[in-house]
Amino acid sequence: MEQRTKTSARPLGAALKPRQLTMMGLGSAIGAGLFIGSGAGIQAAGPAVLISYLVAGTLIILVMWALGEMAAANPDSGAFSVYTAKAYGPVAGATVGWLWWIQLVVVIAAEALGAAGLLATIFPALPVWLMALVFIVVLTAVNLTSVKNFGEFEFWFALLKVAAIVGFLLVGFALLFGLIPGVQSPGLSNFMGEGFAVNGFGGIATALFVVAFAFGGTEIVSVAAAETAEPARSVKKAVRTVLWRILVFYIGAIFVIAAVVPVGSAGLKSPFAAVLDAAGMPGAATAITLVAVAALLSALNANLYGASRMAFSLAERGEAPRVLASVSKARVPVVAVLASVAFGVVTVVLELMFPEMVLGVLLNIVGSTCLLVWTSALLAQLALRLRADLEGTELPLRMPGFPWLTSLGLLILAAIFTVGFIGEDSRPQLLSTFGLVALLAVANWLNHRSGRVAGPAEASAGDKKPVLID
């Protein structure tokens with residue numbers, strides 16, 4: 001294989017369009033956690049789960065503002081890993097980067113199997129293992145061709161999810177206002193009296209820990225910003241467009257579900273389908289299942305992209321094997337893509353060979369990773385913004401209300417961690433994730449202590465010239 005040095009200081013492509021980045025930011029927050037898992041939050045808190053979603057939605061808005069500010073000023077495929085390294089040192093940055101990469105490659109397997117399992121409920125003749133393999137192969141091919149193809153796939157995936165939410169809201173509010181012929185409106189009786197918060201403050205707090213994970217994946221926007229032609233302008237547009245829409249879609253959908261489906265109902269296992277059934281919509285369960293499959297495939301596509309870019313960035317900084325920084329003529333980190341998907345494939349195979357013995361354990365270990373990534377992003381923004389303000393540095397995008405809103409985000413995260421450690425079900429997950437963080441931190445510290453990692457100047461993305469492969 002011929003190898004030649006590329007002279008550009010920007011090794012990856014710049015073909016993502018603003019509309020793709022904006023839709024990616026919106027679509028990444030609308031996943032299977034909303035379509036399938038939102039019933040768990042309502043079961044825990046009743047209609048008062050709206051408070052939990054408002055708090056969690058406020059948190060993700062603050063995190064996106066913080067990431068947007070840093071990404072606009074310094075677009076980099078390592079995103080929050082790079083920003084953490086700039087703020088608190090290379091060991092901290094590498095730890096966050098590897099933690100996120102591990103989470104994504106495990107989740108890739110979960111999403112492939114989840115999408116295949118859901119599709120098997122409609123087409124039982126199709127083997128789950130075969131569908132999972134097809135999903136992985138097709139989306140790997142998408143990621144290997146060019147970032148433009150990835151962006152276009154994500155754009156249409158996200159558009160489908162947004163269209164599904166808009167359609168659901170139209171049907172839901174028509175049902176609540178009694179506008180559907182022959183169907184009686186359930187009204188707002190579920191919100192009255194003690195039924196609003198069936199388990200009191202404890203239920204709201206428990207639901208907060210559950211629903212926070214529904215917003216996982218929004219951080220992918222800060223990674224993708226590095227491959228847009230005008231990162232600062234694209235990030236500004238994505239952040240300002242996405243923020244209010246996330247709350248409208250989430251709060252609107254949860255309001256409709258909580259109003260229509262009572263706590264304790266079996267319909268909360270598939271809440272969107274339950275609402276559509278109540279509205280007399282035929283084929284509701286099948287339609288929602290197909291949308292959930294699309295949501296899982298969208299997440300698989302985005303997570304493979306994110307994992308490969310993080311591996312590329314770690315290699316560029318000397319925190320991973322240098323071969324992961326190799327790029328193709330299309331400016332795609334081919335080795336990083338293949339290495340990332342390989343771990344997902346191995347996990348899928350092991351899960352199929354040993355059902356419920358592999359994937360569940362891995363997901364438990366990385367289950368709280370997104371909370372730690374958001375914490376690192378806010379802490380990094382706090383330090384870097386203070387530094388920029390002290391030095392008088394102009395920023396293309398400035399998070400409003402600094403430092404108070406950044407501090408508010410950290411307080412919300414502290415509350416979520418506290419609730420998680422109190423809960424008997426969530427405590428093992430948090431402890432496992434923190435144990436993984438400790439192992440990664442020690443490994444990265446030893447790597448730096450051994451002298452195998454280049455110094456900051458030598459390892460910076462701008463000074464390293466990637467290898468271009470055929």
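## Terms and basis

A residue is called buried when its relative accessible area is under 20%, exposed when it is over 50%, and partly exposed in between, with a 1.4 Å probe and protein chains only. The model is predicted, and local features need pLDDT of at least 70, side-chain atom pairs count only at pLDDT 80 or more, and totals for chains, interfaces and linings use all residues. Residues are numbered from 1 along each chain as its sequence is written, and side-chain values use heavy atoms, with hydrogens and water left out.

## A buried pair

A salt bridge here is a side-chain nitrogen of Lys or Arg within 4 Å of a carboxyl oxygen of Asp or Glu, and by this rule the count comes to 6 salt bridges. One of them joins the side chains of glutamate 227 and arginine 309, at 2.7 Å from N to O. Because glutamate 227 lies in the loop between α10 (220-224) and α11 (231-260), while arginine 309 belongs to helix α13 (residues 284-316), the pair ties together parts that are 82 residues apart in sequence; helices are DSSP runs of H or I, at least four residues, numbered from the N terminus. Glutamate 227 is buried, at a relative accessible area of 0%, and arginine 309 is buried as well, at 1%.

## A network around aspartate 389

Salt bridges link Glu69, Arg385, Asp389 and Arg398 in a network. Aspartate 389 meets arginine 385 at 3.3 Å (N to O), both lying in helix α16 (residues 369-391), 4 residues or about one turn apart, and it also meets arginine 398 at 3.0 Å (N to O). Aspartate 389 is partly exposed at 35% relative accessibility, as is arginine 398 at 38%, whereas arginine 385 is buried at 6%.

Conventions
Helices (H or I, at least four residues) and strands (E, at least two) are DSSP runs, numbered from the N terminus.
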